[in-house]
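Colleague: Please take a close look at a single part of this model, the place where the two chains meet. Then place that part in its wider setting.

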Amino acid sequence: MIRNIEHITKSLIDERMPQWFNTLRIQGLSRFIETGIPAVSDPNWKYTDLEALKKLAFDVSENGELNEWELLNQFRNHKDINIVLLNGAFSVKHSDLDNLEKGVLVSTLHEAVKNNAPHIQERLTKYPMTDTAAFIALNQALNGPGVYILVDEKVVSNRLIHIIHVTHPGRQNFASMPRTLIVMEPFSEAAIFESHVAFGDSRTYFSNALTDIFMNENATLHYCKSQKESLKAFHIGHTRVWQERDSSFDGFSFMAGGRLTRNNVDAVLNGEGANARLNAFYSVNNSQHVDNHTSIEHRVPNCASNQLYKGILNDSARAVFNGRILVRPEAQKTNSYQLNKNLLLGSGCRVDTKPQLEIFADDVKCTHGATIGQLDEDEMFYLQTRGIGKNAASRMLAEGFLSDLLNTVKNAAVREKLNSLTRRSFEAS
Amino acid sequence: MSKEEITKMKDAMFEIKDLCVNVGKTTILKGINLTIHPGEVHAVMGPNGSGKSTLAKVIAGHPDYQATKGEILYEINRKKIDILDLAPEERAREGIFMAYQYPVEIPGVSTSVFLRAAFNEICKHQGAEEMDPLDFDAYLREKMKILNMDDKFINRPVNVDFSGGEKKRNEILQMAVLNPRFSVLDETDSGLDIDSMRIVADGINKLRRKDNAILLITHYQRLLNYVVPDFVHILRHGQIVRSEGKELAMKVEEKGYDWLS
């Protein structure tokens, strides 16, 4: 998959970087080589076959220059603080770093490591490498300069921070390793939107993204990961959220897909009173494949987690949902809710959905459910008898299927952006 | 001249000829004939299972109700078209409307978005100018007043969490907004308390005009005290067994259906 992976160890070591960071990269590489690319025999990959990804050879270095920067304008909104990364590298020139609010720090992640930003080593080594998943390890070995965002204690950032990850390799078969670290200090609040985008559908690439979010006491983050890659692209992404006491994570994922998409969102509720919302919408057509995995670990009492994952499938698209909820013995009074709803509009589409509940405490409330269905015939007929044609009626019902989900997004700027992105996905289908 | 002779002189706008309808393999309607002229209100009454709702559904174009024989002629631009050849949405755009016995809930779709889409589809088809959201909002509020409906319904999803009476009022609201030439009201009075029924009946009466027609399908005579029909037809076992003036409804109220064969 990655060309000459065994021989790139040397190039991982950068003399200018601290020792621990170089070690982390080498550990990541060994871990990836040790695990290999997961096969469908691995329960976590039962419904997503990576054979096609495995067969292609990708290069990790890319020095293609982008001449058409104006193409970026389709993704930018002047109301936001836009941060642009091209092929995993931070573009200072095209980012609005002058407009940052006081107490909001943005830099490249590698820069922050080099300058030994407070607690950076602790955060980047928080999760032990020994049981790290293959693609997280791969990102840790090969990640690009990435982006680091810190919102200082008690700072409330009002403008939406929009991280735009553009993958646009000059040559084919490029592997991009976007890396994001977000730290929310105690009592801070911000809205951060990460978009993974491409210019058109002509490029074959592999985007392997890793985002880590640390939520300190009483911090609030409105977060969205949105993804619309080239139709020839593979996207595997992990978002890991670590939550301390009374923190609130309001998260959303929007997957318009690529050729194959896997999106993992993991939350660890490590402080009492923390709550996590992981909602998502996926919309796939043709032969696109999208796989959403969530994992919520309730470690302490009195936390809440909510998941509402909704998808619309057209043609012969496929979707997978696997929602793991782990409630540790100490985590009494946990309140956890999970629902996956799928609307199948194509005749050849398929959904595999699975809750995975591991509950070791006895005083908890956990509800879960899943639905897979087509458009309701009575609803269709009702709209038709009012003069609305079949296509318009099915679009109206599909938008209705989505609307209550978008209404759960509390932050207005995030919601507006999602509204316009999802509307575009309806127009395309 | 008798009333019958007068109406014969005008052109019929809606004519059902020898209509037979199957649901699955069961024949429900067995040769229905019905002629309706502009300005008329016809009532079709009948006991449960007589085929009343089937008649409404086949006029609206429900795919489960298949006409095996006969035609439904409807006057469009002075030509008679068999609407059995038209899709449900095409019938609606030509001005045919059905008020549902059991209105359907549409989660996530607001009443105003839905009604504006419907209104504009019909405008587009008839070559009229479409309405923008602001103008439509004002138009909708005006129509809601006719039915004593609260403004809060405008942004609520269609029929979701509406009471039975509110749903029926919403049907007549749609009739007021879409301004059809021919309306079938399928048991609009069922499940309504007397106050709601008066409001609904007043609404229907306000929508009666010389150039439109209404077919009321009902189980009870009650609604017909408020919306007085020109003709009453009794449907039994899939056939119209008697057609008379409004007095027939009173007779049915007194004697039931069994004396009619």
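**The interface between the chains**

Modeller: Start with one pair: A:R386 and B:E171 form a salt bridge through their side chains, with N and O 2.8 Å apart. Keep in mind that this is a predicted model. The count of salt bridges between chain A and chain B is one.

Which elements of chain A supply at least two residues each to the side that touches chain B? They are α7 (377-384) and α8 (390-406). By class, that side of chain A holds seven nonpolar, six polar and four charged residues.

Now the extent. On chain A, 17 residues are in contact with chain B, and on chain B, 30 residues take part. The area buried between the two chains is about 1,800 Å². Carbon and sulfur atoms give 66% of that area. A:R386 returns here. Together with A:F381 and A:Y382, A:R386 supplies 42% of the area that chain A buries against chain B.

Follow α8 away from the salt bridge between the chains. Over all chains, the structure holds 36 salt bridges. One of them joins A:D404 to A:K310, with the closest N and O atoms 2.8 Å apart. A:D404 lies in helix α8 and A:K310 in strand β16 (residues 304-313), so this pair ties together parts of chain A that are 94 residues apart in sequence.

Next, the pockets. The largest pocket has a volume of about 820 Å³. Its lining counts 34 residues. Nearest the centre of this pocket are A:D131, A:A133, A:I136, A:D266 and A:R324. Strand β13 of chain A gives five residues, the largest share of the lining. Several elements of chain A each supply at least two lining residues, among them α2 (19-35), α6 (134-142), β11 (234-243) and β13 (260-269). Strands β15 (289-298) and β17 (318-327) also belong to that group. The lining divides into 12 nonpolar, 11 polar and 11 charged residues.

The second largest pocket holds about 620 Å³ of space. It is lined by 30 residues, and A:Q74, A:F75, A:S420, A:L421 and A:R424 are the closest to its centre. Two or more lining residues come from each of β8 (189-197), β10 (220-228), β12 (248-257) and α9 (412-428) of chain A. Helix α9 gives the largest share, seven residues. The classes here are eight nonpolar, 12 polar and 10 charged.

Back to the interface, to close. Its one salt bridge runs from A:R386 to B:E171.

Terms used:
Residues numbered from 1 in each chain as written. Chains lettered and ligands numbered in written order. Predicted model: local features only at pLDDT ≥ 70, side-chain atom pairs only at ≥ 80, totals over all residues. Heavy atoms only, no water. Contact = heavy atoms within 4.5 Å. Buried area = accessible area lost by both parts, 1.4 Å probe. Salt bridge = Lys/Arg side-chain N within 4 Å of Asp/Glu carboxyl O. Helix = DSSP H or I, 4+ residues; strand = E, 2+ residues; numbered from the N terminus. Nonpolar A, V, L, I, M, F, W, Y, C, P; charged D, E, K, R; others polar. 1 Å grid on protein atoms, 1.4 Å probe; cavity = no way out; pocket = protein on both sides within 12 Å on 5 of 7 lines; lining within 4 Å. Points joined across faces, edges and corners; volume = space filled by probe spheres on them.
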